[in-house]
Amino acid sequence: MTGAPARTLLLWCPDWPVLAAEIVDGVPATDPVAVLHANRVVACSERARAEGVRRGLRKREAQGRCPQLTVVDHDPGRDARAFEPVVAAVEEVAVGVEVIRPGACALAARGPSRYLGGEEAAAERIVEHVAQSCAVESQVGIADGVFAAGLAARDGRVVPPGGAPEFLAALPVEALGRPALTDLLRRLGVRTLGDFAALPAGDVLARFGFDGALAHRLAAGRDHRPLAVRQPPADLTVTAEYDEPIDRVDAAAFAARTLAEQLHERLAAYGLACTRLGIEAVTAHGQELHRVWRHDGLLTAAAIADRVRWQLDGWLSGSNGRGGARPARPTAGIIRLRLVPDGVLAQAGLQPGLWGETGEERERAHRALSRVQGILGPEAVVTTVLGGGRSPADQVRLVPWGDERLPARLGEPPLPTGPGEPALPAGPAAPVPPWPGRLPPPAPAVVLPTPFLAAVHDATGEPVVVNARLAVSAAPARLVVGTGRPVEIVGWAGPWPVDERWWAPAEARRRARFQVCLVDGAALLLAVEGGQWLVEAIYD
Amino acid sequence: MAGRMVVGSAALAELVRPASAPDPAGGHRVLPVRPELTGLLPNRGLRRGSTIAVGVGQPGRSGGTSLILALLAEASRAGSWCAVVGVPTFGAGAAAEAGIALDRLALVPHPGPEWPTVVAALIDGVDVVVTAVPATVSASVANRLAARARQRGSVLVPYGRWDGADVTLQVVRGVWEGLGPGRGRLRRREVTVSARGRGAAARPKEIKVWLPGDELTRVIPRATGSGSGSGRSGAGRLRVVVSAAASAPAARSRRGAFTVVGPA
């Protein structure tokens, strides 16, 4: 606490929420724009300010003053995301940056000012670099302590060493950024920071509490808080350039193995493990292929190599496996491979189960299934995840083996199976949609990926129809599946209507379901959609 | 004295094994099955290394898929890994209801012409391998796969015609309950399963089981939200329980004098 506060350089981007909206959402900041939170203006653009829009105005009042105002919702995440490149640009010039809030970051002025030849030169250099690399206008203030530097940045001033108390003394108490305290001080006749700083510290503490005492210290220019410098994230990406373009799968696999081991070593050096991996390949003609691979366990060196090989295999050979969503064949060989560990976590965080559950058996099965993936392609081995949905096919999502098991839509937790098993305790209370209209158990054991066309006739041989009011024309008596022979229906129930996604015309589906029992003992799930009968599933 | 020691250790050699070695004669030798199915199988379970074929459903004899699910359920719940090859119509919802752990169940829906290689690879690492039998399987390929399963200690469950299986299970008859003319819903099915095989299983057996049983349908899943008050039906009494899903239309077509529980 002895000595003067550290010289601090603070970079401030005016109206940052407006700029962030331009960077992320493309709202032009040169137009009148206001960012609103809870119906109050948080920030506005220069032109909006010229029209009389101020912070704290209501939306209606702001629009009254400036009718062509574009209103953007406040999003702290957007502000922080957009600010990240600015911080990175500052870090290219100077080290030890603390992000005060999105739109302002501070660093110790001593290093850059010595290196770049003076404080003004350093400020100029940083502002220029930020403007060049991010196209963002900013201002720099240099003073003793973060608080004084922040206020100096509003005027773009360099306060000389030891000059912070005089600089602050002239400023109004609103600069403290504490509306309640400011209001009180004004009514007590304290109008400037100098007046406030002149009050005895003990009396301020007794009257205004700890926060008031802190504000008093700041007003007096005694801002001793050291900067909380952020650690730049470690660069874990590995890249390999190839002088000779790779156009054969085996050569690519060989290259991938070396690269994978390199990445694995680098991760291990940081004590990290990779759960999500981006693989980028660039050809001599500049085509790029990027894909992110997820894994529910840890990606070992062999697993990384496998994934690189699968991806390049599919790409270089043009077609492998089903599914037509493959990218077109590249026209030249690969000259650059990059592995970007996307999701990393501390290695110690994952540990096999104590009682074997995830131990050797899992490892064995994993090897076998990976082998099958190697034979047939990664999408050929799947596991199923149950989610929400109204039809048996909707409730199931097929996840390629090794990917994260997440349901497509949330559903009820599975029923307690078996009579003796206790129901599982409720997990974290995520809101579970109820899916009204879903089928009651038991679920059909055979779910047809593409329904069979069918026809249903009544006792007189007339087709059975279901009208818009869900009245069945006659009791179903015979079922014809495809071109087969008619089979007598001995039991039926329905129609159970389902009207899904009517708000999206392309995905809308309106059908009525029936359960039928045939004379030979089979039970089917039928659906009628637009007058056409379908066999959706078989209770086999 | 020394002689006795040698004799003693020789006798122990049969019993003592290193902790890392696979368990040849322990409790894991036979994977458990549901109690009602134990009578069908010679070892009262799925003996590791055996081949247990399930006959594919023919007209009037449906229920093969449910039988497979019932066979896998206990083993999967006890921690075994299962794989199902060549069944693109596999109903995961029914598997979960049968008690199969879906995170330990891998599906290979379309093995294609590589079928023998895929099945052989899975036998190496997975405890129970269910595979739909392609139309043309030569006897030598079948024998090789069965021998591999025997050697690796996996259970091979071919779904379809398979000569030389240790046991062949076949659904003889299935009768659904719960669906009347224009009312009710499917609730449970009484299935007659026959087993015939070789060796200890040579004598044909036949049992009746509920597949799926009614333990699922007795508990109506409580939908979240206020509008669905479906509770539990009385344990032994005959009531039509209308779930939130089927309530409106079923109520409209209700003709019998049944009690309707739920939001009619």
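**Reading the two chains**

Guide: The contact between the chains takes 63 residues from chain A and 63 residues from chain B, where two residues are in contact if their C-beta atoms, placed from the backbone, lie within 7 Å. This is a predicted model, in which local features need pLDDT of at least 70, side-chain atom pairs count only at pLDDT 80 or more, and totals for chains, interfaces and linings use all residues. Residues are numbered from 1 along each chain as its sequence is written, while chains are lettered from A and ligands numbered from 1 in the order in which they are written.

Visitor: Which elements give two or more residues to the side of chain A that touches chain B?

Guide: Helices (H or I, at least four residues) and strands (E, at least two) are DSSP runs, numbered from the N terminus. Here the elements are α14 (360-376), β12 (382-386), β14 (446-457), β16 (487-500) and β17 (509-518) of chain A. The largest share of that side, 10 residues, comes from α14(A).

Visitor: How does that side of chain A divide by class?

Guide: Ala, Val, Leu, Ile, Met, Phe, Trp, Tyr, Cys and Pro count as nonpolar, Asp, Glu, Lys and Arg as charged, and the others, Gly among them, as polar. The side of chain A that touches chain B has 43 nonpolar, 10 polar and 10 charged residues.

Visitor: What does each chain contain, and what part of it is buried?

Guide: A residue is buried if 20 or more other C-beta atoms lie within 10 Å of its own, exposed if 12 or fewer, and partly exposed in between. Chain A has 14 helices and 19 strands, and 36% of its 540 residues count as buried. Chain B has 7 helices and 12 strands, and buried residues make up 47% of its 264 residues.

Visitor: Is A:Phe254 buried or partly exposed?

Guide: A:Phe254 lies in helix α12 (residues 249-269) of chain A. It has 14 C-beta neighbours inside 10 Å and therefore counts as partly exposed. Its C-alpha atom is separated by 8.6 Å from that of A:Arg309, 55 residues apart along the chain.

Visitor: How do helices α1 and α4 of chain A cross?

Guide: The axes of α1 (residues 16-25) and α4 (residues 76-93) of chain A come within 9 Å and cross at roughly 75 degrees. These helices are therefore roughly perpendicular to each other, a term for angles of 65 to 115 degrees. Among the residues making the contact are A:Trp16 and A:Pro17 of α1(A) and A:Arg78 and A:Phe83 of α4(A). The residues of this contact divide into 7 nonpolar, no polar and 3 charged.

How values were computed. Axes fitted to C-alpha atoms, helices over the stretch in contact; angles between N-to-C directions. Parallel < 35°, antiparallel > 145°, perpendicular 65-115°, else oblique.
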